Structures are given as C-alpha cells and as structure tokens.
Amino acid sequence: MTAVKPVLCVGCTVIDFVTINESFPTEDTDRRCLDGYWQRGGNASNVSTVLRLLGANVDFFGMLSRSNGFRVLLDDLDQRGIGIQHCPKTEKDPPFSSVIIVKETGSRTIVHCNKNYPYITWEDFRKIDLDRYGWVHFEARQSQETIKMIKTVQEHNRNHNSNILISLDFETTFEKNLPLCGLCDYVVFSSELASQQGWKSSQETCYALASSLKPECPSIICPWGSTGAACLDTVFNKFSNVAAFKPDHIVDTLGAGDSFMAGFIYATYVMQCSLSDAVSFANRVAGHKITDFGYDHIA
Ligand code: FRU
C-alpha cells in the first residue's frame, strides 16, 4: 500500500480562553467560574488537531505570531507533530476568543477578537510544494486570496496529473465566499449560515446551495447539530440524511464543527469511505468530542 500523503489545513490559529460556568452570566455582574483553561483554537487549527489525533499526518498553514503569548500555540503544534514549516510570521499579537461554556448544557458562546490580524496570502501559499499533499482543506474567508490559493491547487492537479482533493469549511459571509465553492470537491456548510440564508433544514440547504452553484457543484455536506447531517453527492447524484450520534452526556461543544470536519476528511481520504459513510463517521467524531473538554479524548 502506498503511504497516505499528509493533509494541509489552511486557515487560522487563535488562543481560546475558556471558562466553565454554572450558568450563563448576567450582564454587568462579577462572578467566578467553576474552572478554566486556555488552548489552541481556530477552525483550521482545530481540524489539524483532530486529524492528528485520528492518526493522519497534518501540516498547518496559517499566520503565526512572534509575540510571547503565541508561544503556547507553537509548543502545542510542535508537541502534536503538526507541521508548520510553511507558515509566515508576524510581530502582531495573536487573535483570541473568550469562550463561555455552561456546565449544564455544554453550550459554548464565543466572543472572538481579531484586531485585523493578517491572514496568509497567495504569495505565501504559492511557495508550498503541493506534491507533498493529498488533500488541502481551506476555511472560507479572505475570499480574494483563498480563491487564488484554490486555483493554484487545481493548476497543480492539471500540470502534475495529480488529484489533490480540496475541501472548504463555509461558515461566514455567504455572498463573498460563494465563488469558492465551485472550485472545491467538498463543501461543509454551517447550519448557522444556512439559517441566516433562511434555509430551514440540512436537506433544504444542500439543494438550495447546489442550485446556486450549478453547473460547477461540489459535494455538499450540511451538519445540523443534534438532528444529524445531510449530504448531496454530486458525483453519484445521491442525497442522504445521516443520523446524529447522540452521546449520553454533553460537556463541551466548543470545536464540535471542526471535529466533524476532521472526521469527514479522515473518513473520506484515509479510510476511503463513501460520502454518506464519511458523514456518519464525522457525526461520531463530533458526538464523541462533546462528551469531554478539549480534544485529546478523541484519540
Ligand atoms: C471553534 C473555533 C474556536 C475559535 C473560534 C474562531 O470552532 O475554531 O476554537 O475560538 O472558532 O471563530
């Protein structure tokens, strides 16, 4: 068997300051939390973590910081064996999120602070030797740069007769990021963004998104929390509803979507599952993730 090439995850890494609270705080009160910690977060960064825990080889490509506060993130990436050899560095302080987890429900409320932290550019991306990778995963943000990066992967596929697969995590700014979709093999579309579009279910989202993308349409996956996920396989023209994996207790939902994404990539790419089987595996990874804090229990 030929060795599976690493996955390249492109996007953000941030510091998550997490507190665990008895209940959601009332505005303008001073209170103590039950517990707290900080950890490396950010969508592509979390996807890298979970892919690594599942056993894949992963490189992360995102803007790193030389500031002292960022050291914990670099150490964590290093300890987990996530490659960062292509990442550019800035002097700016890293972005961070304040995360409130409520003990009773495991809900997570995120307040993100970015302060215009620079995003990686196509100029940085084009220096990467794509031959190393079998899958490249993108966050749908900074569409003008990201579109050029995705096109570079497509061009590489054409010129080198290779088939690097491309996935997109689509969570924000619908109009701006829509043009990215048609260039990818898989788009995972968030239920929050679907609701903003007025789409009421994962099935409606798959079909509505597909009809705005024709004729260049990727396979679409839409996780919908505890009701499961839907997927539209545009290669075999097949729609499936996939039941959620319901854990018996919920502790921490922070990064559940990123864990779903990692589970999906792992099942499709490494385990070579069909689309609906990969979504089912992704549901299991996300369902298991929320039974404990952080990500290490996924291993
Ligand atoms: C979870 C997450 C957090 C981060 C936030 C950024 O999906 O990646 O780790 O703080 O989203 O939006």
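Modeller: Asn-43, Glu-139, Ala-140, Arg-141, Asp-169, Glu-171 and Thr-172 line the largest cavity. On a 1 Å grid over the protein atoms alone, a cavity is a set of points where a 1.4 Å probe fits but cannot get out, and lining residues have an atom within 4 Å of a point. This is a predicted model: local features need pLDDT of at least 70, side-chain atom pairs count only at pLDDT 80 or more, and totals for chains, interfaces and linings use all residues. Residues are numbered from 1 along each chain as its sequence is written, and side-chain values use heavy atoms, without hydrogens or water.

Biologist: What volume does the largest cavity have?

Modeller: Its volume is about 30 Å³, that is, the space filled by probe spheres set on the grid points, which are joined across faces, edges and corners.

Biologist: Which side chain makes a polar contact with that of His-137?

Modeller: The side chain of Ser-167 does, at 2.8 Å. A polar contact is a pair of N or O atoms within 3.5 Å; within protein, one must be able to donate a hydrogen and the other to accept it, and residues adjacent in sequence count only if both atoms are side-chain atoms.

Biologist: How far is Ser-65 from His-137?

Modeller: They are 72 residues apart in sequence and 21 Å apart in space, C-alpha to C-alpha.

Conventions: 1 Å grid on protein atoms, 1.4 Å probe; cavity = no way out; pocket = protein on both sides within 12 Å on 5 of 7 lines; lining within 4 Å.
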